[in-house]
Structure formats: C-alpha cells, structure tokens
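Trainee: Hi! Could we go through this one together?
Mentor: Happy to, let's have a look.
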Amino acid sequence: MRISRDKINICMARKKMTVQALANAYGVSRTRINVLLNQREVSTVSVGRMASALGVDVTEILENN
C-alpha cells in the first residue's frame, strides 16, 4: 500500500504532533518512523498502525491513484 506523506503531515499538523510524538504513538523510534514515512510502500499492518497512531481512518493517509 502507498501512504501519502503529505496527508500524514496534514494529520500531524491538525493534532499538533511532531515526528517524535508520532513515533511514540506508533511504538517505534523516530528513526524507524522516518524510514516508514520515506518508504511510502508499506504493509497493510503498518498502514493500520500509522492510522491508529494518528487517530484517523486508514483511507485518510493513503495515496490517491
């Protein structure tokens, strides 16, 4: 699945969340969350965990095709 970095940044901005705060909510280090964010193509489990950490529906962070 492809995640949209722009949409994730928008979600983070709405919640006034830093990358470190997202990493803490996701349960990984800041370095690992950056890898996931830059990877874009991630597993369905990762997308689900990312959406949960942001408190949004999965569809809100997926790239539009």
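Mentor: Starting at the N terminus, the elements of the chain follow the order α-α-α-α. This is a predicted model, where local features need pLDDT of at least 70, side-chain atom pairs count only at pLDDT 80 or more, and totals for chains, interfaces and linings use all residues. Residues are numbered from 1 along each chain as its sequence is written, and side-chain values use heavy atoms, with hydrogens and water left out.

Trainee: How many helices and strands are there in the chain?
Mentor: The chain has 4 helices and 0 strands; these are DSSP runs, with helices being H or I of at least four residues and strands E of at least two, numbered from the N terminus.

Trainee: Where is Ser46 found?
Mentor: Ser46 sits in helix H4, which covers residues 44–54.

Trainee: Is Ser46 buried or exposed?
Mentor: Ser46 is buried, because its relative accessible area is 15% (buried means under 20%, exposed over 50%, partly exposed in between, with a 1.4 Å probe and protein chains only).

Trainee: And which residues is Ser46 in contact with, leaving aside neighbours within four places in sequence?
Mentor: Those are Tyr26 and Leu36, where contact means heavy atoms within 4.5 Å.

Trainee: New topic: how much of the chain is buried?
Mentor: Buried residues account for 34% of the 65 residues.

Trainee: What box do the C-alpha atoms fill?
Mentor: Roughly 30 × 20 × 15 Å, taken along the principal axes.
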